[in-house]
Amino acid sequence: MKFRHLLALLPWLLMPALSHAASVQATLNRSTVQLGETVTLNLRINDYNGNLPTPDLSALNRDFSILGTSQNRSLSIINGSRTSELTLGVALRPRHTGTLQIPALTLAGMQTAPLQLQVDPADPNAASTAQGDVFMEAQVEPNHAYVGQQLSYVVRLYYAVDLSGGSLDTPQIDGVQVSRIGDDLKYSTQRGGRSYSVLERRFALTPQRAGHIEILPLEFQGEMVDPRDPNSFFGASTPVSASAPAASVEVKAAPADWGKSAWLPARELTLTLSGWPDSSDQVRVGQPINLRMKLQATGIPFEALPALSLPQIDGATVYPDKPVTGTDNDGRWLKGHREQAFAVVPTRAGTLTLPATTLKWWNVQTNSEAVARIPARSVAVLPAAGAASAAAVPPSATTADGATASPSVPAAAAGAAPWWRWLALASIGLWLLSVLGWLLWRWRRRGTPTASTTAAAPDTTRQLRLAFLAAARGSDTAAQVRSLLAWARAERPLLRNLGDLSAALADEAQRRAIDRLQQRHYAGAASGEDDLAAVFKRGFVWRASGPASTDQDLPPLYPFNLH
């Protein structure tokens, strides 16, 4: 009897518990968005006191990119009744336009109701006005270029909220060398009557091949904190993201009639020489003339600039110093420079002439060929100090009886030259010994392998050879150039470019193959392709004298003279 009474009372005893049973609900913070914008899916569960397991969100991957999740728990007591709510926020970015379906999701053993989201095409003019709390702009200049020409790519992140963190992608563009320029710029601006903080980041893009290049949208992902939200005091934040618009660039190859000169597409280029003596300066045999040549180009890193050298000077010996190189920037464009010092030592008296030096380059601002020129210069060279004094002594006279009569000189002078003459000769001798010692040291240094120039181990060389042979069977000329140089440097570490490699080879077929590879890679030639794998299958055929190895041995500037 008592058992039956308990069964009858059981529903009434369970009613308070049933009235507080857990429930789930799914909502969207917006029902309509534009492509590229984000939307937050909020999954709420009431009166759930346990640890909420991460739900399975894989069903969303077909139509959305899941940018991140966050959790927020709230507690309220009204008229003595205690309620709690746990919210899981999921930041989503639609993958395409249309009416997208958000299917039912399982949360804590319960299912949510399905939802719909309308995604409209992005407005191309939206970036000119305020478009939400966070948005991005991107600009590439110019939108058409040549192979090797630097492009300026600027990305700006606008945000009108407090960001507690975030990350901005780096452009990854096939066939383009990407490098960051300077530090981020931060400033404020107005858009649509609203104040925004701006983070600006700049990149240098250098196309390595001709054709159409697509710059994909750059992504930002971060955390937004709303100071008006009381939960922000406890560190709660909301995922936020933005996307820069895509851009495209048309890249042209170097002009077909450019010739064998180095291809230098620059905004500005200067070639200067300092240190040449004036007509009033005295220059004597054996006295060095210290010159400094400088090449600077805007829009080109120093690695793309040719090595500096003086032309052959009749009547003098040239001793180059160690080059100074580097790449700076003005916040927008790269500025590569090379400096080279030379000691020019006259070897005979007379007129010493330095021939003119010219360098051909392509002005990308005027879209025309240009020439940087150092004019020819001359200077009068006097005999060495000792030689001048000896020349002043009159010749011996012959007497009537055929005996040779010496000129009349003081006894002290006949026995020995003045002390200053011996001092000058000793100084010249010491200087010549120093020069000979320096040349001997340079010769031994070039001939003796060091830790940095020792050839790679056989296993590494074999791997690099196999990597090149694999690239040679494809059509990516940039990969072929990189892998061929990597393999060659494993055997001859001081090689700098394909020109050095070609000069170091004795096999004519291999040299022709390198020439045509350069034409395909830098000038966009579409014919005359070689079977690179077959030409280099048995390895390099080196010249007995070895390759050129230093900046001083690279092709000089003067062969670029225009006629």
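Leucine 354 touches Leu273, Trp276, Leu310, Pro311, Ile313, Ala376 and Arg377, not counting residues up to four places away in sequence; contact here means heavy atoms within 4.5 Å. The model is a predicted one, in which local features need pLDDT of at least 70, side-chain atom pairs count only at pLDDT 80 or more, and totals for chains, interfaces and linings use all residues. Residues are numbered from 1 along each chain as its sequence is written, and side-chain values use heavy atoms, with hydrogens and water left out. Leucine 354 belongs to strand E27 (residues 350–354); helices (H or I, at least four residues) and strands (E, at least two) are DSSP runs numbered from the N terminus. With a relative accessibility of 2%, leucine 354 counts as buried, where buried means under 20% relative accessible area, exposed over 50% and partly exposed in between (1.4 Å probe, protein chains only). The C-alpha atoms of leucine 354 and isoleucine 313 are 6.0 Å apart in space, while the two residues are 41 residues apart in sequence.

Glutamine 149 occupies the loop between strand E11 (144–146) and strand E12 (151–159). Glutamine 149 is buried, at 6% relative accessible area. A polar atom of its side chain lies 3.0 Å from the backbone nitrogen of tyrosine 146. Apart from neighbours within four places in sequence, glutamine 149 is in contact with Pro142, Leu205, Thr206, Pro207, Pro265 and Val364.

Gln149 also takes part in the lining of the largest cavity, together with Gln150, Pro265, Ala266, Arg267, Thr298, Gly299, Trp333 and Val364. A cavity is a set of points, on a 1 Å grid over the protein atoms alone, where a 1.4 Å probe fits but cannot get out, and lining residues have an atom within 4 Å of a point. The count is one cavity of 30 Å³ or more, and the largest cavity holds about 30 Å³ of space. Grid points are joined across faces, edges and corners, and the volume is the space filled by probe spheres set on the points. The lining comprises four nonpolar, four polar and one charged residues. In this classification Ala, Val, Leu, Ile, Met, Phe, Trp, Tyr, Cys and Pro are nonpolar, Asp, Glu, Lys and Arg are charged, and the others, Gly among them, are polar.

Side chains of opposite charge can pair when their charged atoms come close. The model has 13 salt bridges, each defined as a side-chain nitrogen of Lys or Arg within 4 Å of a carboxyl oxygen of Asp or Glu. One of them joins glutamate 200 and arginine 156, at 2.8 Å from N to O. This pair links distant parts of the chain, with glutamate 200 in strand E15 (residues 194–207) and arginine 156 in strand E12, 44 residues apart. Both glutamate 200 and arginine 156 are buried. Arg156, Glu200 and Arg202 are linked in a network of salt bridges.

A further salt bridge is formed by the side chains of glutamate 339 and arginine 292 (3.4 Å, N to O). Glutamate 339 lies in strand E26 (residues 334–346) and arginine 292 in strand E23 (residues 289–298), so the pair ties together parts 47 residues apart in sequence. Glutamate 339 is buried at 19% relative accessibility, whereas arginine 292 is partly exposed at 36%.

Aspartate 63, in the loop between strand E3 (39–46) and strand E4 (64–78), forms a salt bridge with arginine 62, with the closest N and O atoms 3.6 Å apart. Aspartate 63 is buried at 10% relative accessibility, and arginine 62 is exposed at 66%.

How values were computed:
A polar contact is a pair of N or O atoms within 3.5 Å; within protein, one must be able to donate a hydrogen and the other to accept it, and residues adjacent in sequence count only if both atoms are side-chain atoms. On a 1 Å grid over the protein atoms alone, a cavity is a set of points where a 1.4 Å probe fits but cannot get out, and a pocket is an open set with protein on both sides within 12 Å along at least five of seven lines; lining residues have an atom within 4 Å of a point.
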